[in-house]
Amino acid sequence: MGDLSRRDLLRATAVGAGAVALPGVLVGGSSAIAADGVGSSDATYPPATLTGRIVRPQSPDYAQASIGWDELFVRYPLVIVFAQETQDVVNALTWARQHDVALRVRSGRHSLEGWSNVDNGIVIDVSELKDVHIDTATRTAKVGAGLNQSEAVTALGEHDLAATTGTEGSVGLSGATLGGGFGFLTRYLGMACDNLIGAEIVVAAGANGARVLEVDPWNHSDLLWALRGAGNGNFGIVTSLTYEVAPLKSVAYLQVTWPGLDDLHEVFDAWQRVAPFTDPRLGSQVEVHPNEILLFAVLAEGSEAEARKLLAPILSIGNPTVTVQIDGWGDTYAGFQIPTDDEPANWKFFSQFTREPFPEKAISVVREFMEKSPSPDSNFFTQAFGKGAQRQEPFGGAAFPHRDALFYSEPGVGWGTRGEPNSGDAVTPIAQTWIAEFSQALRPYVDGAYVNVPNIGMAEWETAYWGRNFQRLRKIKAKYDPHNVFQYEQSIPPATH
Ligand SMILES: Cc1cc2nc3c(=O)[nH]c(=O)nc-3n(C[C@H](O)[C@H](O)[C@H](O)COP(=O)(O)OP(=O)(O)OC[C@H]3O[C@@H](n4cnc5c(N)ncnc54)[C@H](O)[C@@H]3O)c2cc1C
């Protein structure tokens, strides 16, 4: 406690029962901060109270504050803390540890297994941390962990800048980036996590406290590596993210529709042989729906003629409707968003990566399952990877491993009506079975899974998400969270030796 100032001491003691746990302020810990900057594991911290915007079950806004995007999962937390500043997160984590209360971290609420919420526990929610600092000279952006993807794309777009995000604007930037994060710009700019060059993170410290770490390629570089693809609720609570951003003035955005599924074999085969190998400025997705095939493509800094030329082998199949728009990336992104209220209440997905083109048999599986889909909101979604910027790891590396994928794919199904609890109950078992059988039928053709779209029933999910990186992740976990404070159904356990 040698360097604790008198003012800090007064702050820590004057509040009495409501004491604030100051980062690095310890009780009875002599050499509490080790040489590597990580707290020793036995130091104890003063009692903490919760600060920030606090919602409890008695609060009128409890239901709204608790519900996630996927209403299939309903949880009843003891308390939700909406942090207004980093210190609120420090206090909440310290409080949770001191009261032995289960905790979950939450940002955009889109966890597809409901893992950012917990019965009888504390939800530490960072969604109200919305600061944005963009430095156009150094092309870096430091943003609060509460931005959603739309807010981030819009803020950067105002300066003709961009970083990779996923396609759904309401998804949290934190959750998407920390698990990898791919979208239309992945082949051009890499994964969202590759654009991440720093973070502020609140980690567990000592026996019952918390502290703030600044992470970048030179400080706690092992933790930055882990946050790039395995950071979702595993090591600490990220409160801000710093990205390297790239200039992006305009994009050509194509929407292509083939009615029915008759062209599926030809369209899918052409897409998987063209889209992963074409100009890396072109990102594309195919969505197979029960009654139509959709292709969406974004060509960064490209013209309509160029985009049509790059996609010609696909556009020449059948008689599709094609629309093209040239605009700034921010406006284009805003334009393809679907309001959450218009989406079904319940969702189930299964994530898969593919390294070899689908043979005819696999495409037949897709058609067969789409023809017996359990709801009109069923689809088979793909995102092209292949020869693009995501092949190259960022400086310092990243835990995200699936760099050599040809494409990502997922069967997905949505059902039930938002705001009408139980409206989807009759479909739930049918939808769950359809997803399980569909993903199982594709197993011979896929390799690996995506932690941001977790597969709950999967054996060996650890290597499916992270391959050989899993062992290193366990060691980093043991260093930064030796007491395994951050744990959930598929969290990374600390290494034991
Ligand atoms: C409709 C939809 C479309 C999607 N499209 C894409 C896509 O195009 N590309 C793509 O890559 N992914 C996509 N995803 C997956 C998405 O990336 C994940 O669902 C993501 O983890 C959600 O993050 P969140 O912050 O919204 O969710 P949350 O539920 O808040 O959090 C998700 C996970 O991240 C952890 N977490 C959140 N914030 C923090 C933090 N600050 N510090 C530490 N841990 C944290 C949580 O504990 C939880 O484990 C999509 C998901 C949905 C539902």
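This is a predicted model: local features need pLDDT of at least 70, side-chain atom pairs count only at pLDDT 80 or more; totals for chains, interfaces and linings use all residues.
Colleague: Which residues have the most contacts inside the largest nonpolar core?
Modeller: That core has 134 residues. Strand 8 (residues 196-205) gives the most to this core, with 8 residues. The residues with the most contacts inside the core are Leu93, Ile124 and Leu227.

Colleague: Take Leu227, then: leaving aside its neighbours within four places in sequence, which residues is Leu227 in contact with?
Modeller: Leu227 is one of the residues with the most contacts inside the core. Skipping anything within four places in sequence, its contacts are Leu178, Leu196, Ala199, Val215, Phe235 and Val238.

Colleague: What is the order of the strands in the open sheet of 4 strands?
Modeller: The pairing in that sheet is mixed. Strand 1 (53-55) and strand 3 are the edge strands, each pairing on one side only. From one strand to the next, the twist averages 20°. The order is 1-2-4-3.

Colleague: How many bridges join strand 2 to strand 4?
Modeller: Strand 2 (residues 79-82) and strand 4 (residues 122-125) run parallel. Ile80 has Val123 as its bridge partner in strand 4, and Val81 stands opposite Ile124. The number of bridges joining the two strands is 4.

Colleague: And on the strand 3 side, which residue stands opposite Ile122 of strand 4?
Modeller: Strand 3 and strand 4 are paired in the parallel sense, over 4 bridges. The residue opposite Ile122 is Leu103.

Colleague: Are the faces of strand 4 covered or exposed?
Modeller: On one side sit Ile122 and Ile124, and on the other Val123 and Asp125. Those residues are all buried, and buried here takes 20 or more other C-beta atoms within 10 Å. So both faces of strand 4 count as covered.

Colleague: Which strands stand at the edges of the open sheet of 5 strands?
Modeller: That sheet has the order 5-6-10-8-9, with antiparallel pairing. The twist averages 10° from one strand to the next.

Colleague: Which residue in the hairpin turn has a positive phi?
Modeller: The hairpin is formed by strand 5 and strand 6, with 4 residues between them. Strand 5 (residues 132-135) and strand 6 (residues 140-144) pair antiparallel over 4 bridges, with Ile134 partnered by Ala141. In the turn, the phi is about 55° at Arg139.

Colleague: What is the bridge partner of Val143 in strand 10?
Modeller: Strand 6 and strand 10 pair in the antiparallel sense over 5 bridges. In strand 10, the partner of Val143 is Leu241.

Colleague: Now the ligand: which element gives the largest share of the shell around the ligand?
Modeller: There are 35 residues around the ligand, and Gly108, Gly166, Gly172, Gly175 and Gly233 come nearest. The elements giving two or more residues are strand 3 (103-106), helix 5 (173-179) and strand 10 (237-244). The shell divides into 13 nonpolar, 18 polar and 4 charged residues. The largest share, 5 residues, comes from helix 5.

Colleague: Is Gly396 buried or partly exposed?
Modeller: Gly396 is found in the loop between strand 18 (377-384) and strand 19 (407-415). Its contacts beyond four places in sequence are Pro217, Ser221, Leu224 and Trp225. Gly396 has 14 C-beta neighbours inside 10 Å, so it counts as partly exposed.

Colleague: How many bridges join strand 18 to strand 19?
Modeller: Strand 18 is mostly covered, with 6 of its 8 residues buried. Strand 18 and strand 19 run antiparallel, and Asn379 has Gly412 as its bridge partner in strand 19. The number of bridges joining them is 8.

Methods
Residues are numbered from 1 along each chain as its sequence is written. A nonpolar core is a set of buried Ala, Val, Leu, Ile, Met, Phe, Trp, Tyr and Cys residues joined through C-beta atoms within 7 Å. A residue is buried if 20 or more other C-beta atoms lie within 10 Å of its own, exposed if 12 or fewer, and partly exposed in between; C-beta atoms are placed from the backbone. Two residues are in contact if their C-beta atoms, placed from the backbone, lie within 7 Å. A residue is near a molecule or strand if its C-beta atom, placed from the backbone, lies within 6 Å of it. Ala, Val, Leu, Ile, Met, Phe, Trp, Tyr, Cys and Pro count as nonpolar, Asp, Glu, Lys and Arg as charged, and the others, Gly among them, as polar. Two strands pair if DSSP finds at least two bridges between them. Axes are lines fitted to C-alpha atoms, for helices over the stretch in contact, and angles run from 0 to 180 degrees between N-to-C directions.
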